[in-house]
Amino acid sequence: MSKNEIAIEFRDVSFVLPGGKTLLAQLNLQVGRGETLVLLGRSGSGKTTTMKLINRLIDPTAGQVIINGKPTVDWDPIRLRRRIGYVIQEIGLFPHLTIEQNIGVVPRLEGWQPERIRQRAYELLNLVGLDAERFAGRMPRELSGGQRQRVGVARALAADPPVILLDEPFGALDPITRRGIQQEFKALQQNLGKTMVFVTHDIAEAFVLGSRIGLLKDGEMVLLGAPAELLQSSHPEARAFAACFHDGQAIGRPA
Amino acid sequence: MTLLEFFTHNRGELGELVMEHLFLVVISTGIAVLIGVPLGILLTRRPALSKPILGFANIMQTVPSLALFGFLIPLNIYLFQVKIVGGIGARTAIVALVLYSLLPIIRNTFTGISNVDPAIRDAGRGMGMTDRQLLLQVELPLALGVIIAGVRVATVICVGTATIAAAIDAGGLGRYIFRGLRANDNVLILAGAVPAALIAIAADLLLGYFEKTIQLGAAVRGKSKSLLWASALVILAALGGVYFFNTNSTGRIAVGSKDFTEQVILGEIVAQAIEAKAGLQVVRRFDLGGNLAHEALIGGEIDVYVEYTGTGLLAILKEKPLADPQEVLRRVKSAYAARFKLEWTEPLGFNNTFAILVRGDDAKKLGLTTVSDAAKVSSRWRAGFGQDFMSRADGYPGFSKAYGLHFEATREMDLSLTYRALAENQVDLIAGNSTDGLISRYGLFQLADDRHYFPPYDAVPVVRQATLEKYPALRGVLKQLGGILTVDEMRKLNYAVDGEKRQAKDVAQEFLRGKGVLR
């Protein structure tokens, strides 16, 4: 990848808690523009830590995270975060704001005109498959889990950021809703051409959405490559995940 | 008179007292919100401060309200030339009430914000909100319900505590309660307590309703509106406050009184005489507890009140007791002039000394006429004394020693309650005032002070020298009041108020007319 094509780069990044516990060790990683990198791993493997390093919710204790050629520590964190859409599990919607207001948060922070914000919210609601007329005025608690997640994605897209981080966005959904929304998201992803980092512990989801998969274990990147490479790897963690994948395939296969 | 009759008769005054009460509560809680919410927010940003600040607010709540008032009165703190703490009146009461209201507001703001889901906070920060935006757009709206709950608690506390503010002339429904306690009048006590309780319940319901509607959702749509209302209310209250402080006693004579019936009557007599004879406007600042009247006089909060020579000698000047009335007056006159720039004018003519009282039946049955007689049987008796008598050197400690009195039990209660306690056999001996109208009402017997322990307590108006210089006509008026009252007359006036439930104002007016001072 040439320098211009790299959106996000990790150079020997470590993150150690003040108590001495290492959450992330010596991570090296490049995400190209328009690429979707899926970070796969068990709970506590360092996936979310990696995300928070990208939008500077935390700073690395060693190494550098470079966004658009500039280390995150040199970015104004507010400016940086407004260029990065952020979707977390369903709780991330503000419970005291309507759907329309939730989607409009970043545009409002950016000082858009109210009419433009409203237009954008309606446009995005329709884009993620929700009837804007019906949903714009509702409160998050009035929506189902799947609907809330769509709103979460719409909100991350609101100010048209070049990078979007998704931290297990579909984790709390039932498997059927989840498969459906994954397919829709994949279609959306191809249309938008955004750089995305997607965190999941579901290998099937990783296969559907990722152009590359990074496998994390105990804060270390044990494998980084195309989905097929993961299935062929002899690393025990890769084999463990691959086994889940084959089980899932076996169940889904007609007798 | 039933409570309802009282309310219909005194509609105007009741309305005034309710307004004063609401004024105290609204201003105090308003200021407490303006201080407490930012402090609570600060604590969420600097958790290390939470221990000292919450600790301070906690301690403030445990200080008894009268003690806090007493502590604040001599402070006299100025901000931009405006006195903000110190002296008697609403100002000091508001400071105390604010201190009482702070804890629930700070604590609820702190916990309300701290309890916001960390994931939501992360989402906000991750979307690029600054700390300020996160606070105003996410944390505060989500914590609003909890904060309002704190304001609700603070308001109810404030409504209750504000009744005590009457003790330092801050007005409010406490006036009825204190007046009722003094006169042993349950109707009067209820006339203060019932409306105060109703205000507390109403405030609780109203803020409880706010708390509910302000929960998620409704808050956002109605937020700007309710914010508008709240700020309008605060501005209104602030304006009221400015008005209130500005209408203080500038250019008028402020007449004070201590917090018992006789003092209120004497205050009225002095006030009405000044109004009629010197043609000056008079502000009445009555019902000042403990030594507040003296402190208020020194501080210039009042210009004149009636003091007793013995009290001046012993309680204020802390000198040794003297038996000769003339000698006592001479002593206090010269010492007050030198130390406080205050002048004792003409004695009103009566001596309100401590009256050691027993039930008339007991006196007859046991053949008691003097305190020495009582000392022989006192070991089987329970005594009831007012706080004042218990605490002053010339009160219980010296008195019991002089007569060798030992009681089975000594109960400290409000002076006004001791008469009733004696009449109802709850105690067997009390120290009342020789001029109290209740003595004849309850058929009590005054034991003679055969060892002349109690010094003379001649009632004399004490006035600021500065005021006399500014208004020379005042001297003539006070001179005219010299020797105007005998003990017997004073007892009758007291009974007219305590026993017959008449207004001190009317009783004083009638008396002055009878004496030809008023026409």
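Biologist: Which residues of β5(B) are buried on one side and which on the other?

Modeller: In this predicted model, V304(B), V306(B) and Y308(B) are buried on one side of β5(B), and Y305(B) and E307(B) are buried on the other. Buried is used where 20 or more other C-beta atoms lie within 10 Å of a residue's own, exposed where there are 12 or fewer, and partly exposed in between, with C-beta atoms placed from the backbone. Strands (E, at least two residues) and helices (H or I, at least four) are DSSP runs, numbered from the N terminus.

Biologist: Why two sides?

Modeller: In a regular strand the side chains alternate between the two faces of the sheet. Five of the five residues of β5(B), residues 304–308, are buried, so the strand is largely enclosed by the rest of the structure.

Biologist: Which strand is β5(B) joined to, and how do they run?

Modeller: Five bridges join β5(B) to β12(B), residues 459–464, and the two run antiparallel; two strands count as paired if DSSP finds at least two bridges between them. Within this pairing, V304(B) stands opposite V463(B).

Biologist: And what covers the buried residues of α13(B)?

Modeller: The cover includes α12 (292–298), β5, α14 (325–340) and β12 of chain B, where contact means that C-beta atoms, placed from the backbone, lie within 7 Å. Eight of the eight residues of α13(B), residues 309–316, are buried, so this helix is largely enclosed by the rest of the structure. Just after α13(B), K318(B) takes a positive phi of about 55 degrees.

Biologist: Changing topic, what is the order of the five-strand sheet in chain B?

Modeller: The order is β9-β8-β10-β7-β11 in an open sheet with mixed pairing. Its edge strands are β9 (409–413) and β11 (444–447) of chain B, each of which pairs on one side only. Inside it, β7(B) and β10(B) pair in the antiparallel sense over four bridges, and the bridge partner of A355(B) in β10(B) is G432(B).

Biologist: Where in chain A does pLDDT stay under 50?

Modeller: That happens over residues 250–255 of chain A, for which the model has zero contacts beyond four places in sequence. pLDDT is the predictor's confidence in each residue, from 0 to 100, and the mean for chain A is 86, with 94% of its residues at 70 or more. Where pLDDT is low, the predicted coordinates should not be read in detail.

Biologist: How are things numbered, and what cut-offs apply?

Modeller: Residues are numbered from 1 along each chain as its sequence is written, while chains are lettered from A and ligands numbered from 1 in the order in which they are written. As this is a predicted model, local features need pLDDT of at least 70 and side-chain atom pairs count only at pLDDT 80 or more, whereas totals for chains, interfaces and linings use all residues.

Notes:
Contact = placed C-beta atoms within 7 Å.
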